[in-house]
Amino acid sequence: RWKRVGWAVLYRENACSVSRLEFFECKDGGSVEKNDRSLRKHLEHKKVVRLADCIRVSEVELDGCPRDTGPFLIETTEKIYLFAAQRQQLDHWMHKLCEVAFPVEPSMKKSLQREESEEGMEDNLLYSGRQTGCDFSVCVRRTEASERCRLQGDYLLQADAEALQLLERRGGGVLLAWPYRHLRRFGRDKTSFSFEAGRRCPSGEGSFEFDTKQGNLLFKAVEAAISRQQT
């Protein structure tokens with residue numbers, strides 16, 4: 001049974017508290033106004049989702065949702081929370097939740113911003129060595145696509161200028177490359193990074209999943225590389 005949320009507030013991590021989502025469920029299905037005399041009593045029943053313990057934020061397909069809403073879940077190390085937001089606000093909520101739950105490290109954020117803002121002449125790639133991107137340690141998860149490509153064990157994923165590349169841990173040789181323009185979708189959580197390759201990729205189509213503690217950084221690096229391609 002769905003319950004209406006009177007209010008919900010996102011808090012980033014700071015020196016005094018952890019990142020979290022605070023919300024209040026209206027017991028009578030209505031809403032709480034600021035001048036409601038019972039507001040103080042209602043505040044005693046607020047609920048808190050510790051985003052510091054968040055593992056995954058994702059949209060889900062579910063029947064029976066309130067009209068004109070889109071469902072999504074927040075999975076923490078202890079519990080799974082199911083919410084529904086107005087469809088026109090769903091993307092905004094998803095973006096903000098991921099931003100607070102999986103913050104980008106300041107050093108990485110500055111690096112990505114610097115790469116996006118740099119202008120000027122570039123080396124002729126026909127005469128230069130392979131451009132080095134950001135390398136991320138990953139371990140391949142078993143999927144139909146990874147088995148077809150005979151991938152198993154530990155590798156490096158590199159968000160290069162034109163493609164996502166899979167490298168050998170020793171020697172750094174390129175084993176596979178997935179051009180960004182042929183990726184259908186990609187995503188991450190605190191423990192993994194995944195993407196769906198299109199049929200025009202050298203690997204063929206299919207889903208590839210990797211265990212990594214750097215899923216959010218990898219996601220941001222790929223996102224930034226695609227953004228630079230589009231400009």
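Helix H5 (residues 215-230) comprises 16 residues and spans 23 Å from its first C-alpha to its last, close to the 22 Å expected at 1.5 Å a residue; the expected span is 1.5 Å times one less than the number of residues. Helices (H or I, at least four residues) and strands (E, at least two) are DSSP runs, numbered from the N terminus. The model is predicted: local features need pLDDT of at least 70, side-chain atom pairs count only at pLDDT 80 or more, and totals for chains, interfaces and linings use all residues. Residues are numbered from 1 along each chain as its sequence is written, and side-chain values use heavy atoms, with hydrogens and water left out.

- The buried residues of H5 (buried: under 20% relative accessible area, with exposed over 50% and partly exposed in between; 1.4 Å probe, protein chains only) include Leu 217, Leu 218, Phe 219, Val 222 and Ile 226.
- Lys 220 of H5 is also buried.
- The charged end of Arg 188 sits over the ring of Phe 219, 3.8 Å from its centre; such a placement requires NZ of Lys or CZ of Arg within 6 Å of the ring centre and within 35 degrees of the ring normal.
- Arg 20 lies over the face of Tyr 11, at 4.1 Å from the ring centre.

**Aromatic pairs**

- Rings of Phe, Tyr and Trp (its six-membered ring) pair if their centres lie within 6.5 Å; planes under 30 degrees apart count as stacked, over 60 as edge-to-face and the rest as tilted. By this rule there are 8 aromatic pairs.
- The ring centres of Phe 193 and Phe 195 are 6.3 Å apart and their planes stand at 50°, so this pair is tilted. Both Phe 193 and Phe 195 are buried.
- Phe 195 and Phe 208 form a stacked pair, with 5.5 Å centre to centre and 20° between the planes. The pair links distant parts of the chain, as Phe 195 is in strand S12 (residues 192-197) and Phe 208 in strand S13 (residues 206-211), 13 residues apart. Phe 208 is buried, like Phe 195.
- Ring pairs join Trp 178, Phe 193, Phe 195, Phe 208 and Phe 210 into a cluster.

**Hairpin S11-S12**

- Strand S11 (residues 183-188) runs antiparallel to S12 and is joined to S12 by 5 bridges; two strands pair if DSSP finds at least two bridges between them.
- S11 and S12 form a hairpin with 3 residues between them.
- Arg 188 stands opposite Phe 193 in S12.

**Sheet S4-S5-S6**

- An open sheet is formed by 3 strands in the order S4-S5-S6, with antiparallel pairing. Strand S4 (54-59) and strand S6 (80-86) stand at the edges with a single partner strand each, so one side of each is left without a neighbour in the sheet.
- Neighbouring strands of this sheet are turned by 20° against each other on average, direction ignored. Axes are lines fitted to C-alpha atoms, for helices over the stretch in contact, and angles run from 0 to 180 degrees between N-to-C directions.
- Strand S5 (residues 69-76) pairs with S6 in the antiparallel sense over 7 bridges, and Pro 71 stands opposite Ala 84 in S6.
- Helix H2 (residues 87-101) packs on the sheet and touches S4, S5 and S6, its direction making about 165° with that of S4. Contact means heavy atoms within 4.5 Å.

**Cys 54**

- Cys 54 is found in strand S4 and is buried, with a relative accessible area of 0%.
- Not counting residues up to four places away in sequence, Cys 54 touches Ile 74, Glu 75, Thr 76, Ala 101, Phe 102 and Lys 190.
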